Amino acid sequence: MQHKAVLSQNEVAQILQAARSEAQQQGWAVAIAVVDDGGHPLALERLDGCAPIGAYIATEKARSAAIGRRETKGYEDMVNGGRNAFLSAPLITSLEGGVPVLVDGQVVGAVGVSGVKAEQDAQVAKAGIAAL
């Protein structure tokens, strides 16, 4: 029987703490979401000053990273009024603000951040993952 790697609650807490620390150190008001490999929410934190929509976008970025699309259709509809450009987009890169968590080449979850520029969102997400 093969055992599949999963994110433990302790690891989720470590990711959130490190990502929160990075965002606060930079002075960024962001929302941070952690999901499992199927895109199901494990944790969500919205720092003071982050717009309410940031929580939705962070979760969708994490979900998209976990399931492999660059962005989800819902996010694309909300931001760009229904363009279909992202439906056939390549796999996510960290520049989108959603970063997959890999263990032995397998996606076990993802971190999504929203609130600042995409590169800065990705920086916060990568800081969280680096804590593992």
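1. Pro 100 stands opposite Ala 110 in strand β4. Val 101 stands opposite Gly 109, also in β4. Strands β3 and β4 are joined by six bridges and run antiparallel. Two strands count as paired if DSSP finds at least two bridges between them. Helices (H or I, at least four residues) and strands (E, at least two) are DSSP runs, numbered from the N terminus.

2. A word on the source. This is a predicted model, in which local features need pLDDT of at least 70 and side-chain atom pairs count only at pLDDT 80 or more, while totals for chains, interfaces and linings use all residues. Residues are numbered from 1 along each chain as its sequence is written, and side-chain values use heavy atoms, with hydrogens and water left out.

3. Now the turn. β3 and β4 form a hairpin with two residues between them. Asp 104 sits in that turn and has a positive phi of about 55 degrees. Is Asp 104 buried or exposed? Asp 104 is exposed, with a relative accessible area of 82%. The cut-offs are these: buried means under 20% relative accessible area, exposed over 50%, and partly exposed in between (1.4 Å probe, protein chains only). Asp 104 and Ala 5 lie 99 residues apart in sequence, yet their C-alpha atoms are 8.9 Å apart in space.

4. Step back to the sheet. Four strands form an open sheet in the order β2-β1-β4-β3, with antiparallel pairing. The edge strands are β2 and β3 (98-103), and each pairs on one side only. Neighbouring strands are turned by 15 degrees against each other on average, direction ignored. In general, strands of a sheet pair through backbone hydrogen bonds, either parallel or antiparallel.

5. Look at β1 (residues 31-36). How many of its six residues are buried? Six of the six are. Ala 31, Ala 33 and Val 35 point one way, while Ile 32, Val 34 and Asp 36 point the other way. β4 (residues 106-114) is mostly covered too, with seven of its nine residues buried.

6. β1 has a partner on each side. Six bridges join β1 to β4, and the two run antiparallel. Ile 32 stands opposite Val 113, and Ala 33 stands opposite Gly 112. β1 also pairs with β2 (residues 41-46), in the antiparallel sense, over five bridges. There, Val 35 stands opposite Pro 41. The hairpin of β1 and β2 has four residues between the strands, and Gly 39 takes a positive phi near 85 degrees.

7. Next, the helices. The axes of α1 (residues 9-26) and α4 (residues 118-130) come within 7 Å and cross at roughly 140 degrees. That makes α1 oblique to α4. Axes are lines fitted to C-alpha atoms, for helices over the stretch in contact, and angles run from 0 to 180 degrees between N-to-C directions. Angles under 35 degrees count as roughly parallel, over 145 as roughly antiparallel, 65 to 115 as roughly perpendicular, and the rest as oblique.

8. Which residues of α1 meet α4? Ile 15, Ala 18, Ala 19, Glu 22, Ala 23 and Gln 26 do, against Gln 123, Val 124, Ala 127 and Gly 128. Contact means heavy atoms within 4.5 Å.
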